[in-house]
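The following note comments on the overall build of the model, on the interface between its chains and on one helix pair.

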Amino acid sequence: MFKRLAKAALAACVILPSIAAAGDLDKMTPEQLLPLAQKEGSVTIFSLSSRIAKIEKAFEETYPGVDLIGVDMSSTKQIARLEAEQQAGIHAVDVLYIADTPVVFTKLLQAKRVSNYVPPRVTGEIDDRYKVPLLAQRLSTKVLMYNEAAFSNGSPINNLWQLTDPEWRGRVLMVDPSQRGELLDLLTEIALHSDEMSKAYQAHFGKEIEVDPDVQGAGEQFIKDLFANDLILVPNSDVLNKSIGDINAKEPPVGFGTYSDRRDNKKEGWALQVANKVEPANGILFPAILTIADKAPHPAAARLLIDFMFGDDTPSGGPGFEPFNVPGDYATRKTIAGHPDSVKLEDLQAWTIDPQKTAAARGRIADLIITLQ
Amino acid sequence: MTSTSIVMPSGSRLLRSAFLMPAILVAIIAILVVAPLLRILLSTLTPEGLAAWETVLFSPLSTNLWWRPLFNTMALGFGVSIGCLLLGGFLAWLVILTDVPGRRALGLMATLPYMIPSFAAALAWGTVFRNARLGGSAGFFETSGLAIPDWLAWGLVPTAIVLIAHYYSLAYTIIAAALSSVGADLVEAGQMAGARRPRIFFGIILPVVTPALIAAGSLTFAGAVANFAAPALLGLPVRMQTLSTRLFGMIETGQNERGFVIALLLIAVSAAFLWLSDRIVSGRKAFITVTGKGGRTKRFPLGVWRWPLFGLALVVGLLTTVAPILILAASSLAPQGGALFSNWTLHFWIGEGGGAIAQGQAGVFRNPILLDALWNTIQLGLVVAFTTMLLGLALAYTIVHRRGSLLASVLSQLAFMPLLIPSIAFAAAYIALFSAPIGPMPSLYGTFALLVVAASAHNLPFAVQSGRSVLGQISADLEESARLTGAGLIRRLFAIIFPLAIRGLFAGAILVFVKMVRDLSLVVLLFTATSPVLSMVAYRYAAEGFMQFANAITLIILVVCLAASLIAHSLQNRVQKWKES
């Protein structure tokens, strides 16, 4: 392993000066990148998903001569490790496959520790909002989930403000937003949509909202009221799913969870379903991004890998995307079809987060929820 | 090393023997512990860092961010520490110093809980005591019609109980090692002088093992204070935050400076308590019990209490080992996490892949990387346990021989801190420190060596605490005699100190081994390994939602730890043949 790294580093030193600058690499097709990547010999990726092992196999079969080294690590650890390495002058990783985009935006992109790359092959098939500031490969969710066995007539919630009613006191769950970034992003997004939240308030209570002096806007008022209504915090989504989804439960709670966890319903004995007709939205869609580390030792192979992970032209995305194509998650590349059993992306009533805006507003919400506990 | 040597050493020898080792140790500690700490401290002195200090300590947020979590944390720390000393001490006394039946089995059971991850005990608690607050399926008591109040199902009380059930075995391991060196002659002397049993216990045995009690107390305190799984599982539903859940949350949501401020404050508070307890020990005379004479252990007859006490110990052992293991085993057999005791299948262990269960994943024993990971794990555990104990022994030796000096108290304080430094910050500091070549040393980035260095430093407290509690009991006479016959330090260490202290050393080594085999953070952050360790395999399964496989791996890790401790046990018996009676 160490030998291989050393060899690759040596090779990179020899080749680097001779190859084209990064700007040119950005415009190359996979066919043009391949010979350069083969000279580089390998590519290292930090991945939030262990399904990178399947990508490794498929990638090495498609592009023999380029060794993929996949290391699976949570987003937080990827950020910590990349920061520490680059501060020490080490450039060992090429590609990050990572979520937690508000933090990536402030700590890595603004600090120029990573740079954005959009493969020319697929750029026409991805909406612009998924291409900047960082290229999203797929979207995951934190949306309102309910128990479809206990509520057989559909979601008991059709307006977020219902969650602050006495009827739902102590019956709304979420993973502690002071422990997990995605839930903090969800609350931040609610705060950012204050106008829609106040319209929804009007629709639910039939009167204009009055915002307390210690909070700003209807979104923050909602967060405050939700906590005051005995919102129950849990440590992880496993606990959440069991509590909401148990197929035998009589009066189960509702909560903010991951839509794609519904695929485990049968295996786990759950009845999880997304509450989609919710005013003004049922939660957030947040991206998992692919980005290139600053001074990546294998720049051509890095681009080849990112290109590969957007899949081929088939509806399933082929071996490059298929491992990530689960119902309830959504590809940003439009040629890849959603799962037939799940709500279509355009029909899902969720806000899509903008890493830049979320990053700017997140600190304030983080402080707010600490005072509310 | 002491100043009482008979032969006056020449100047250069004095330099070599009395100053060289402490100087080297101070340098090592400076690099391994002080440097990362300073780096963390410096990162909180930036403008953002200073703002974080203010937010944590003096802002409207401080109540919920610092003071209340601090209160919960200290309550847990002291509660768990006292509980562990009582429970672990009682069991150690029973197993080592009495004629209770089934001593070996009881002793083995008492070492187990620490090897079972604390989340298993928390889950076991939930299985029994869970109430309707979270929805989902209720616990055993609620389904049988007994309402469980929130304070018993969630929050401080259950967290403390679960942590005691987890950490008492740490206290047992250390106290038992110290008790076994209380020679029969001491006790018999007391008996001949007509002392009654309580007098012997409080007048002889307790004072002798005080250093071990302090060591065990501080390690269990640190363990409870740093534990994340139990307070998160049992505390969050009633919004109980501890400093460890706060710390985790701050780092997880990208607010590193605040996290580091909390970590530094936690280290400061814990250091203050440790310093106090250190004063208690060093303020008194040390009792030397390992004298080279005798060495048998005297067992008290328990009389009519033999069986009742055996029953009590057995119940404690069963509740704290069997219950969590059963939960783990059941959750590696049950297809549904919500119904642990139905439809058991061995699929997750030995099933062939491609079927309908678990999205076609094959059982863990069919995972081609399992053997590889098993071997890597054992290797890593052994290497780290060895290096940590070597370093820890040297430190403990110096601390014990210079008891009361400034050097000793500084070293012992510093050697205790790594346990409380969040591993993500620890690892980041190590990458920064060792990635560039230092002098003749090449860059350690991404190497196994870096992992071993960092892990040794991180686990140092176990080695130092368990080492000094045993070394403190060894008579200086033995070393003096050896020195008179011309034996050098190395010779004395291997011929005298090692064999006499082996129980304590192995006790520490096992604790380090267990910690290392289970710990994931350092490995992921420091080592770019294509060959995984078991904890990484378990993490991969868990991250994909395959808890059954993950729990199966956890059980395999448990078996590895257990095997290691049995081997250590038989080794120490072979070395200390005189103990067999």
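1. In chain B, 76% of the contacts with a separation of 6 or more are between residues 24 or more positions apart. The model is a predicted one, and the remarks below should be read accordingly.

2. Chain B contains 24 helices and zero strands. Its radius of gyration is 25 Å, close to the 25 Å that the globule rule gives for 581 residues, so chain B is as compact as a globular protein of that length. Taken along the principal axes, the C-alpha atoms of chain B fill a box of roughly 75 × 65 × 50 Å. Buried residues account for 50% of the 581 residues of chain B.

3. Chain A has both kinds of element, with 14 helices and 12 strands. For its 373 residues the globule rule gives 21 Å, and the radius of gyration of chain A is close to that at 22 Å, so chain A is as compact as a globular protein of that length. The box filled by the C-alpha atoms of chain A is roughly 70 × 45 × 35 Å along the principal axes.

4. Of the 373 residues in chain A, 54% are buried. Among contacts in chain A with a separation of 6 or more, 77% link residues 24 or more positions apart.

5. At the interface, 48 residues of chain A are in contact with 47 residues of chain B. On the chain B side, at least two residues each are supplied by helix 3 (62-97), helix 11 (229-235), helix 12 (243-252), helix 18 (423-434), helix 22 (521-526) and helix 23 (534-543) of chain B. Helix 12 of chain B provides the largest share, five residues. The side of chain B that touches chain A consists of 23 nonpolar, 19 polar and five charged residues.

6. Which residues join helix 9 of chain A to helix 14 of chain A? Helix 9 (residues 217-228) and helix 14 (residues 355-372) of chain A pack with their axes 10 Å apart and at an angle of about 25 degrees. Because angles under 35 degrees count as roughly parallel, helix 9 of chain A is roughly parallel to helix 14 of chain A. The crossing of helix 9 of chain A with helix 14 of chain A is right-handed. Helix 9 of chain A contributes A:Glu220, A:Ile223, A:Lys224 and A:Phe227 to the contact, and helix 14 of chain A contributes A:Leu368, A:Ile369 and A:Leu372. By class, the residues of this contact are five nonpolar, no polar and two charged.

Methods. Residues numbered from 1 in each chain as written. Chains lettered and ligands numbered in written order. Predicted model: local features only at pLDDT ≥ 70, side-chain atom pairs only at ≥ 80, totals over all residues. Axes fitted to C-alpha atoms, helices over the stretch in contact; angles between N-to-C directions. Helix = DSSP H or I, 4+ residues; strand = E, 2+ residues; numbered from the N terminus. Parallel < 35°, antiparallel > 145°, perpendicular 65-115°, else oblique. Left-handed = near helix turned anticlockwise from the far one by under 90°. Contact = placed C-beta atoms within 7 Å. Nonpolar A, V, L, I, M, F, W, Y, C, P; charged D, E, K, R; others polar. Rg over C-alpha atoms; globule rule 2.2 N^0.38 Å. Buried ≥ 20, exposed ≤ 12 C-beta atoms within 10 Å, placed from the backbone.
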